[in-house]
Amino acid sequence: MSIYGHFASQYYGNKINFPKESFLISGISYYQQHLIGIDYDSEIIMKLEPENKYDSQAIQIIFNNNVIGYVPRKDEIKNICIDNIDSNLKIINIKREQN
C-alpha cells in the first residue's frame, strides 16, 4: 500500500479525487523554509517523534533531513502511517500560490 502526502486538497478550480490513504500534511505552514526544492519525485519519509510535547504518538514528515510537518492526528490515517512507517511518501498534489 502506498501512503500519499499532499500540501492541499485542490489546485485552484480543479477537483481532485484523492485516495482514502491520502492526507494533508499538518503544520506545514510552520516549515515553509524546508520546502524549497520539493516536487512530485521528492523523497519524503516518516519518523516517530515520541518526545513531542503535544502528541506522544506524533509522526514527523521529513524532506532533505528537515521536518516539513506531521501526519494528522486522525486515528485512521495515523494507524495507516504507523503500519507503513518505513515506506516513503508520495506527493500527489502541491498547491502553489498564484502570484
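Start by selecting strand 4. Both of its faces are covered, with Ala58, Gln60 and Ile62 buried on one side and Ile59, Ile61 and Phe63 buried on the other. That makes six of six residues buried along residues 58–63. Here, buried means under 20% relative accessible area, exposed means over 50%, and partly exposed is in between (1.4 Å probe, protein chains only). Strands (E, at least two residues) and helices (H or I, at least four) are DSSP runs, numbered from the N terminus.

A quick word on what you're looking at: this is a predicted model, where local features need pLDDT of at least 70, side-chain atom pairs count only at pLDDT 80 or more, and totals for chains, interfaces and linings use all residues. Residues are numbered from 1 along each chain as its sequence is written, and side-chain values use heavy atoms, leaving out hydrogens and water.

Strand 3 pairs with strand 4 in the antiparallel sense over six bridges; two strands pair if DSSP finds at least two bridges between them. Look for Ile44, whose bridge partner in strand 4 is Phe63. Strand 5 (residues 66–70) also pairs antiparallel with strand 4, over four bridges, and there Ile62 has Val67 as its bridge partner. Zoom in on the hairpin of strand 4 and strand 5: two residues sit between the strands, and Asn64 takes a positive phi near 50°.

Next, pick Glu49 in strand 3 (residues 44–49). Glu49 is buried but has no salt bridge, and the nearest side chain of opposite charge, Lys47, is 8.3 Å away. (Lys and Arg count as positive, Asp and Glu as negative; His and the chain ends aren't counted. A salt bridge is a side-chain nitrogen of Lys or Arg within 4 Å of a carboxyl oxygen of Asp or Glu.)

Last stop: helix 1 (residues 75–83), where Ile77, Lys78, Ile80 and Cys81 are buried. Seen down the helix axis, these buried residues fall within an arc of 160° (taken from the directions from the axis to the C-beta atoms), so they line one face of the helix. Turn to the other side of helix 1 to find Asp75, Glu76 and Asp83 exposed.
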